[in-house]
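Student: I have a model open and would like to learn how to read it. Could you walk me through a few features?

Tutor: Happy to; let's look at it together.

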Amino acid sequence: MGDYLKKWAMLVGACLLLFVFDRYAFWALNGFWQNLILLAGINMVAALGLNLTNGYCGQFSLGHAGFMAIGGYATAFFTMMFAWPDWMLTFPHPEFPIVFPISLILGGVLAAAAGLLVGIPSLRLKGDYLAIATLGFGEIVRVFLVNFEYMGAARGQTNIPQYSNFFWVYSIVLISTVVILNLIRSSPGRAIISVREDELAAEVMGVWTVYYKVAAFLLGAFFAGVAGGLLGHLLTILTPEKFNFVLSIEIVVIVVVGGMGSTSGVLLAAVLLTALPELLRFTSGAASIPGLSLLGEPSMRMILYSLTMIFLMIFRPKGLCGNKEMWELWGRKGS
Amino acid sequence: MMQVKHLTRRFGGLVAVNGVDLEVEEGSLVGLIGPNGAGKTTCFNMLSGVIAPSEGAITFQGKRVDGKKAYQFTQLGIARTFQNIRLFKSLSVLDNVKIACHFNCGYSMFRSFFHGPVFQRKEDEITEHAMEMLKIFKLDHDAHEISTNLAYGEQRRLEIARAMATRPKMLLLDEPAAGMNPTESAELMDLIRFVREKFATTVVLIEHDMKFVMGLCQQILVLDYGTPIAYGNPAEIQANPKVIEAYLGKDEEG
Ligand SMILES: Nc1ncnc2c1ncn2[C@@H]1O[C@H](COP(=O)(O)OP(=O)(O)OP(=O)(O)O)[C@@H](O)[C@H]1O
Ligand SMILES: [Mg+2]
């Protein structure tokens with residue numbers, strides 16, 4: 001009992017530390033690094049969600065961008081267009097209004113509701129068929145937004161207030177990580193994993209597999225929605241194109257590189273894969289080998305990026321951490 | 001405890017199980033035998049809700065259960081093992097058993113986000129129950145081993161331990177002694193007798209090892225090409241000309 005309260009008090013304390021860091025240190029970084037760090041955090045939240053669906057539950061979804069879009073647009077709607085009482089827009093501080101976390105949660109809930117809606121019919125499908133169905137869902141969302149005049153249609157929603165900051169992004173990363181690790185180390189979490197391991201055996205052990213598949217899908221969509229909300233309030237503009245299937249693939253790549261079913265691996269991969277393409281920008285000028293320089297600067301960057309991926313998949317085919325957590329891997333080496 | 005009436009399953013033109021009638025008394029130990037492809041596993045698949053019967057009815061403790069899903073069968077108290085072992089391969093031995101405790105876990109998914117005191121208490125109960133099962137099946141020392149690293153005989157025992165962890169009233173064992181050496185299968189016989197008495201579990205088992213079946217079961221049902229050809233105690237079955245024909249006929253071919 002006491003132990004449990006202490007853990008949650010520590011979490012609150014950690015969030016306060018993040019707040020202090022945000023106020024007194026984060027602004028000193030230059031804009032490039034600030035952006036990179038915030039994007040990495042947002043990718044972490046999105047990938048943690050997808051890891052529940054694809055990694056722990058083994059239901060391969062390619063529709064994550066669709067849920068991020070729903071969350072992103074919904075959150076922007078709630079912070080910008082919803083008729084909140086005036087005090088909520090400035091309380092406790094105009095840069096930190098209470099409406100932002102509330103809208104993020106509402107955005108996540110709407111994305112989760114969409115997850116429920118597509119999850120129930122499409123989770124009857126297996127493997128590739130599920131991947132195609134969810135890919136289709138993502139495209140439907142994008143096409144809908146292109147025609148959604150109310151929020152800018154193809155031009156996108158502009159002038160979104162820039163509420164996403166270091167504090168919000170990393171507090172959410174922290175809380176998501178704790179909540180997901182808690183879930184996974186519990187009976188419902190083991191039920192979710194059993195679906196991935198052997199669906200028939202799980203069913204015969206009394207696990208209502210349909211329920212846990214839908215639950216994993218829905219929770220994954222919730223985190224995607226929150227990540228979308230954070231993204232919109234970082235970029236201050238959301239366009240339907242931002243949420244095309246390339247974004248879904250990017251998040252899938254993070255999960256695969258990190259290790260399907262490894263929360264810490266996915267966090268690490270989110271940092272690496274957000275930073276890699278950006279950091280390669282610096283190297284690309286110097287790396288113009290005769291002959292290859294023909295391809296031009298951005299291509300050189302993409303070649304290096306792809307080579308990194310290929311080497312990674314050769315040497316760590318199950319991702320950086322497999323389905324273990326980092327500390328479990330270290331523990332094994334030590335003993 | 002369980003009444004099966006005219007149970008039939010067709011796969012396209014093939015009648016895998018054809019009109020099986022069976023009455024399983026509470027606390028009894030029933031054997032299901034027959035040559036390869038006789039429809040024994042198909043029968044089990046229907047009795048555990050994995051596949052639906054084409055015809056016939058299954059009544060368990062006075063309630064019709066055919067048409068329900070496999071997880072509902074398990075939650076009602078019918079657990080089973082598989083002929084080709086189906087463990088949760090990349091999970092530990094202990095987690096394999098804990099998954100079987102899931103539907104009895106006693107807390108909601110919401111509680112599992114916070115790991116509060118109720119969660120801790122229930123989770124301790126689950127661990128205790130799972131370890132008790134592992135101890136009975138002599139697997140407690142390997143509790144934290146990954147389940148595929150176990151020896152074959154141990155994997156078979158783990159499957160039974162996992163099924164028992166669901167607290168079944170009726171246990172269906174599909175060839176539990178397959179691939180075991182004589183010592184191991186003799187031990188397994190004792191183990192099955194022991195859990196049956198300790199937990200008052202009714203057991204139905206499929207086995208090709210005649211010594212095993214004749215030594216353990218009180219009643220035996222013989223299937224041949226899906227059709228029940230004999231039912232009785234071991235002595236009656238051994239003397240039944242139809243059974244001898246079914247088995248000898250198979251021997252001539254082989
Ligand atoms: N899903 C299925 N689809 C089509 N045919 C099937 C299916 N399952 C079983 N069969 C067929 O039904 C018949 C009975 O199979 P079953 O597995 O029940 O036999 P068995 O008595 O368990 O045999 P064994 O002793 O080899 O385990 C076989 O001819 C088999 O090929
Ligand atoms: Mg069989």
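Tutor: Let's begin with a term: a polar contact is a pair of N or O atoms within 3.5 Å. Keep in mind that this is a predicted model.

Student: Which atom of B:Gly37 is 2.9 Å from an oxygen atom of ligand 1?

Tutor: A polar backbone atom of B:Gly37 is at that distance from a ligand oxygen. B:Gly39 also places a polar backbone atom 2.9 Å from an oxygen atom of ligand 1. With B:Asn36, a polar side-chain atom lies 2.9 Å from an oxygen of the ligand.

Student: How much of ligand 1 does the protein bury?

Tutor: Taken alone, ligand 1 exposes 640 Å², and the protein buries 61% of that.

Student: How many residues surround ligand 1, and which are the closest?

Tutor: There are 13 residues around the ligand, and the closest are B:Lys40, B:Thr41, B:Thr42, B:Gln83 and B:His208. By type, the shell divides into four nonpolar, seven polar and two charged residues.

Student: Which element supplies the largest share of that shell?

Tutor: That is α1(B), with three residues. Both β2 (14-24) and α1 (40-47) of chain B supply at least two residues each.

Student: Now chain A: is A:Ser61 buried or exposed?

Tutor: Buried means under 20% relative accessible area. A:Ser61 has 2% relative accessibility, so it counts as buried. A:Ser61 sits in the loop between α2 (31-56) and α3 (64-80) of chain A. Leaving aside residues up to four places away in sequence, A:Ser61 touches A:Leu50, A:Thr53, A:Asn54, A:Thr134, A:Phe217 and A:Val252.

How values were computed
Residues numbered from 1 in each chain as written. Chains lettered and ligands numbered in written order. Predicted model: local features only at pLDDT ≥ 70, side-chain atom pairs only at ≥ 80, totals over all residues. Heavy atoms only, no water. Helix = DSSP H or I, 4+ residues; strand = E, 2+ residues; numbered from the N terminus. Buried < 20%, exposed > 50% of the residue type's maximum accessible area, 1.4 Å probe, protein only. Contact = heavy atoms within 4.5 Å. Near = heavy atom within 4 Å. Polar contact = N/O pair within 3.5 Å; in protein donor to acceptor, adjacent residues only side chain to side chain. Areas by Shrake-Rupley, 256 points an atom, 1.4 Å probe, with all protein chains shown as cover. Nonpolar A, V, L, I, M, F, W, Y, C, P; charged D, E, K, R; others polar.
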